[in-house]
Amino acid sequence: MALATWMGAVLVGCSDDGQDGAGPAAGRGTAHTAAAGRLSVLAQKAADTGSLGVIVRIDRGDGKPVEIARQAAWTKDDHRLAVGDRFRVGSNTKTLTATLVLQQVAEKRIGLDDTVEEWLPGLVKGGGHITVRMLLNHTSGLDDFLLTPEFLPSLTGQEQRTWRPEELLATTPEQDPPTGPGEKYSYSNANYEALGLILEKATGSSLAELIEQRITKPLGMKDSFLATDAAWHAGKRHATGYEPDAKRLKDLLSGTVDLPEGVGFAGPERPGDNIDTTAIDPSWAWAAGGMVSTAQDWQRFLTALTSGRLLPEAQMEQMRTTVDAPEEGGGYGLGLMKVDTPCGTVWGHTGGLPGYSSEIYTDTTGTRSVAVLTVTNFGVKERKAATANKALVDAATCQMLGNPQPSNRTTA
């Protein structure tokens, strides 16, 4: 589940300063208003319990969406969070990359059963037995490079280095114990670094060009782009992201990841033993997680995809063919997660980068969508923070699906 695996009042619409705005919710029924009010309370609770700041946007395709931005009081000194803020959507990028690959499959430039060795000779160990399909659904047998000694300083922002995808693939270790290609699901960013290179080779275009030409420009996603450095681009607000300082981080990951003493995120110190990680360069994530977007933009992409507007039916069926992935809440298809929630099945992805985590889903038809964006990634690993954040995501997803929200007894 990307990096995130390990690491008030109703607002309908958003005013320019990101504060609550009275809107037409009351005219849409008291039940709707009450549900949105409960959601707003859950959002503030999540922010105050460790999420620090959350953006919730629900579009049911039947009028003006519900939009909520809540944050811990002290974070307002850094930035007044608004629903339209740009955000690093992390591994949600994988769904976009997979869509580009499947478009090439439909156009018969790439085959799902092509081997990695055919496309990237000598670049991936065992590539003769790994197929494009295995890269897409994380059954390649490749491990991840994220916590390797070579890469960890870049992940935390302690080292300023521009990584090429080929270098990241070279640092990717074997799984321990080794897993053969096609044997089981095991999430790895290395799979999508390889897919980005295959896309560029198959099309002769850069990944950024493909994204603009085939996805963001046709869909009118004006606030979305592939990050090539730490810059956010002028002219648009962006959310401030935070992570625990070195001591809190080590305590959080104790028992799961053995971090070297003193390893922590680079950035200005903030209240509550937090670090401002907004300026950490995410360009290494590239095809695996490099997109900057907004809640509205990404919902526009995801609904276009799941409603069948970006892929032919045959490729959409392949994308929805899942392997068992219980750690993702259900199954994993070709760059698309199937998640079984308390109120029904949804499709989408999660994302996490230093300072940013997100869950963005649609219903089965692509008519309705929900985005929950959180301004910390590792910070929501703390038990109370994780519980409050999950309660918010469950409630938002249920409201998107039009089902009763889970009771406090089951989600708090």
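Start with the whole chain and its radius of gyration, taken over C-alpha atoms. A compact globule of 412 residues would have a value near 22 Å, by the rule of 2.2 Å times the number of residues to the power 0.38. The chain has 20 Å, which agrees. Its C-alpha atoms fill a box of roughly 60 × 50 × 40 Å, taken along the principal axes.

This is a predicted model, in which local features need pLDDT of at least 70 and side-chain atom pairs count only at pLDDT 80 or more, while totals for chains, interfaces and linings use all residues. Residues are numbered from 1 along each chain as its sequence is written, and side-chain values use heavy atoms, with hydrogens and water left out.

Colour by secondary structure next. The chain has 14 helices and 14 strands. Both are DSSP runs numbered from the N terminus: helices are H or I with at least four residues, strands are E with at least two. Now colour by burial: 59% of the 412 residues count as buried. Buried means under 20% relative accessible area, exposed over 50%, and partly exposed in between, with a 1.4 Å probe and protein chains only.

**The core**

Select Leu136, Trp284, Phe301, Met319 and Leu392. Of the 118 residues in the largest nonpolar core, these touch the most other members. Such a core is a set of buried Ala, Val, Leu, Ile, Met, Phe, Trp, Tyr and Cys residues joined through side-chain atoms within 4.5 Å. Helix H13 (residues 383-401) gives the largest share of this core, 9 residues.

Stay on Phe301. Not counting residues up to four places away in sequence, Phe301 touches Thr95, Leu96, Thr99, Ile215, Leu219, Met221 and Leu310. Contact here means heavy atoms within 4.5 Å.

**H2 against H7**

Show helix H2 (residues 93-106) and helix H7 (residues 189-203). Their axes come within 10 Å and cross at roughly 40°. The axes are lines fitted to C-alpha atoms over the stretch in contact, and angles run from 0 to 180 degrees between N-to-C directions. The crossing of H2 and H7 is left-handed: the near helix is turned anticlockwise from the far one by less than a right angle.

On H2, pick Lys94, Thr97, Ala98, Leu100, Val101 and Gln104; on H7, they meet Asn189, Tyr192, Leu195, Leu199 and Thr203. By class, this contact has 6 nonpolar, 4 polar and 1 charged residues. Ala, Val, Leu, Ile, Met, Phe, Trp, Tyr, Cys and Pro count as nonpolar, Asp, Glu, Lys and Arg as charged, and the others, Gly among them, as polar.

**Loop stops**

Go to Leu81, in the loop between strand E2 (66-71) and strand E3 (87-88). Leu81 counts as buried because its relative accessibility is 4%. Draw a distance to His238, 157 residues apart along the chain: the C-alpha atoms are separated by 8.3 Å.

Thr131 sits in the loop between helix H3 (116-119) and helix H4 (132-136). At 13% relative accessibility, Thr131 is buried too. Beyond neighbours within four places in sequence, Thr131 contacts Leu112, Asp113, Asp114, Thr115 and Val116.

**Backbone stops**

Zoom to Asp176 and Pro177, joined by a cis peptide bond with omega about 0°. Pro177 is in the loop between helix H6 (165-171) and H7.

Asp273 has phi near 60°, a positive value in a residue other than glycine. Asp273 lies in the loop between strand E6 (269-270) and strand E7 (274-276), and is partly exposed at 46% relative accessibility.

Finish at Trp286, in helix H10 (residues 286-289). Its phi is also positive, near 45°. Trp286 counts as buried, at 12% relative accessibility.
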